[in-house]
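Please read the following report alongside the sequence and the coordinates.

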Amino acid sequence: MADETVPAIRIQGLRKRYGAGDTAVDALKGVDMTVQRGEVVGLIGPSGSGKSTLLKCLGAVIEPSGGRMEIAGEAIYDEGWRIPDLRALRRDNIGFIFQAPYLISFLDVTDNVALLPMLAGVGNAAARDRARELLAALDVAHRATAQVSQLSGGEQQRVAIARALANRPPVILADEPTAPLDSERALAVVRILNGMAAQYRAAIIVVTHDEKIIPTFKRIYHIRDGRTHEEAGEGREP
Amino acid sequence: MINLAVRDILHGWGKFAFTGVGLGLLIGVTLSMAGIYRGMVEDATVLIEGSGADLWVVQQGTLGPYAEPSSLRDDVHHAIAGMPGVAAVGNAAYLTMQVGHAGVESRVMLVGFEPGRPGEPAFLVAGRPILRGHYEAVADEKAGLRVGDRVRIRRHEYEVVGLTRRMVSASGDPMLFVPLKDAQEVQFLKDNDTLVIERARTAANPAFNRPGVPGLLEAVQASQAQSRQVNSVLVRVAEGADPEEVAGEIRRWKRLQAYTTAQMEEILVAKLIATSSKQIGMFLVILSVVSAAIVAFIIYTLTVNKVREIAVLKLIGATNATIGGMILQQALGLGVIGFVVGRIVAGLWAPVFPKYVLLLPGDALRGFVLVMVICALASVVAIRAALRVDPAEAIGG
């Protein structure tokens with residue numbers, strides 16, 4: 001059982017510089033952020049403020065230029081990567097939800113979710129059991145054998161959420177997960193994320209511009225000019 | 001672990017199958033080219049084996065009778081027949097020409113032979129052997145003739161009395177066997193106008209038309225109107241005799257060239273069809289390169305169409321080996337489909353080719369390995385492209 005007192009994510013003074021010399025751009029200038037297990041926080045800011053850069057750094061997709069990042073108390077970056085295998089780090093510790101579901105088109109619904117545990121070495125049967133359990137929790141169990149192309153947009157997004165949770169990661173990064181959805185469906189996705197965060201004790205960071213869902217966050221990080229400012233959200237029921 | 005390559009193939013099987021069939025047709029052409037070369041070698045071997053000879057005696061300094069013109073007097077065989085180690089001899093005349101049947105001209109190799117001696121058709125698949133001294137023929141079935149058909153050769157009509165099989169020249173023309181005398185006549189026969197002109201020219205030559213030598217002019221003119229030449233004497237050596245030794249004796253004492261079976265095969269394969277085999281070799285190289293380019297292009301296109309999915313796979317932790325393996329397996333899968341289709345179509349269209357196409361299992365195996373290697377190499381470009389995909393592409397911004 002994970003230690004609930006240890007934050008799922010802790011970021012201190014995170015910096016990211018693109019380029020060098022006169023053309024260098026500081027996308028992140030010292031970001032601080034802490035997210036507890038079971039918590040869903042919003043990350044909002046205008047275009048070019050550094051949201052995606054922060055997400056990519058947190059997702060171990062690009063290397064920061066400095067600072068420190070911890071996941072579940074373990075330093076993954078401290079002025080340099082502390083984990084040699086970043087793919088394994090992403091696979092086991094970070095779930096991703098994208099603006100579009102980006103499911104693997106040639107796999108059916110169950111295998112889209114089961115693929116992650118399988119990549120982590122879980123046996124096929126156990127991985128599919130886990131996938132079916134998650135699909136049931138997200139109300140798409142009836143589509144378990146369907147092809148991705150046969151799903152509605154909302155169903156695809158729920159399968160994508162199930163995939164993000166498949167390896168029970170402590171961190172889930174959601175990049176504009178409600179952008180293509182109407183109000184009702186957007187709020188439904190937030191309800192699901194809140195429920196999953198509570199049920200699976202995952203910290204979820206939701207990058208969004210969506211005015212419909214911003215009032216649902218209890219905590220919000222505003223990012224502007226590469227720096228974050230924390231503020232309390234309204235925490236409305238979605 | 002899920003086999004991603006198989007799932008992707010099954011998901012888009014129509015596109016994959018059509019691509020495989022297209023590649024298969026190309027591989028079929030490649031296998032057929034190899035089959036044509038094998039067929040040429042086989043034809044040459046059958047030509048030699050089917051003649052029933054151990055030695056070919058031809059004019060000195062020639063590679064005759066199949067590769068170069070050779071001319072011998074038709075009584076030379078008497079002298080050869082008396083040599084030690086010789087069991088049987090037979091004169092043979094060869095001539096490639098057009099023959100007419102039912103208003104259709106076709107190209108054949110006319111073979112003049114002496115029944116019961118080396119050089120006669122090895123076996124018949126229909127009809128009977130030639131029994132009469134003139135105007136009967138045995139045809140290879142590839143000539144499209146049937147027993148009872150009448151074939152026009154120069155001035156005379158020949159009745160087809162028998163059919164044989166797999167008796168074709170080195171260039172693939174079916175053989176038409178006729179009595180030696182007929183073949184000699186066909187080979188050296190001049191038309192009437194030419195004979196009249198030749199006689200007049202001879203008569204005008206004082207050396208042949210001497211007033212004091214009666215009969216000389218007639219003798220010279222008679223010699224010009226007939227032929228006693230053959231192209232080769234085929235020799236069967238006695239049991240226990242060494243063909244090489246007998247050939248050596250003929251070369252030494254009769255001042256003629258004598259080739260053994262091995263030497264004749266060498267002439268046919270290494271010299272006569274050498275240019276054709278190089279031509280086919282070039283085609284094989286070009287077709288292999290084209291196949292590789294097509295596979296590379298197809299696999300690259302399939303991969304590029306999956307860039308977003310590859311980025312997602314990388315982001316969620318799939319290793320390079322998993323992604324590279326998926327692309328490699330797809331390329332090999334395409335190769336397997338292509339090879340199976342290619343082998344099937346090559347077998348189906350082989351009988352339609354005018355030349356004999358021999359598809360050997362060994363060539364098919366070599367072809368399969370080559371296809372797999374080409375597909376593996378062709379997938380390298382796509383694998384490199386896939387490995388360069390940035391997982392960050394899955395995240396916006």
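B:Ser232 counts as buried because it has 31 C-beta neighbours inside 10 Å, where a residue is called buried if 20 or more other C-beta atoms lie within 10 Å of its own, exposed if 12 or fewer, and partly exposed in between, with C-beta atoms placed from the backbone. This is a predicted model, in which local features need pLDDT of at least 70 and side-chain atom pairs count only at pLDDT 80 or more, while totals for chains, interfaces and linings use all residues. Residues are numbered from 1 along each chain as its sequence is written, and chains are lettered from A and ligands numbered from 1 in the order in which they are written.

B:Ser232 lies in strand S11 (residues 232-237) of chain B; helices (H or I, at least four residues) and strands (E, at least two) are DSSP runs, numbered from the N terminus. Leaving aside neighbours within four places in sequence, B:Ser232 is in contact with B:Trp56, B:Val57, B:Val58, B:Gly64, B:Pro65, B:Ser70, B:Leu72 and B:Ala92, a contact being a pair of residues whose C-beta atoms, placed from the backbone, lie within 7 Å. The C-alpha atoms of B:Ser232 and B:Gln59 are separated by 7.7 Å, although these residues are 173 residues apart along the chain.

Strand S6 (residues 136-140) of chain B is mostly covered, with five of its five residues buried. In a regular strand the side chains alternate between the two faces of the sheet. From S6(B), B:Glu136, B:Val138 and B:Asp140 point one way and B:Ala137 and B:Ala139 the other way.

On the scale of the whole chain, the assignment for chain B gives domain 1 (4-44 + 275-394) and domain 2 (60-189 + 227-255), with bounds that come from an automatic or database domain assignment. The centres of these two domains, taken over C-alpha atoms, are separated by 47 Å.

The contact between chains takes 26 residues from chain A and 19 residues from chain B. On the side of chain A that touches chain B, the elements giving two or more residues are helix H1 (51-58), helix H2 (86-93) and helix H3 (109-119) of chain A, and H3(A) gives the most, with five residues.

Methods
Two residues are in contact if their C-beta atoms, placed from the backbone, lie within 7 Å.
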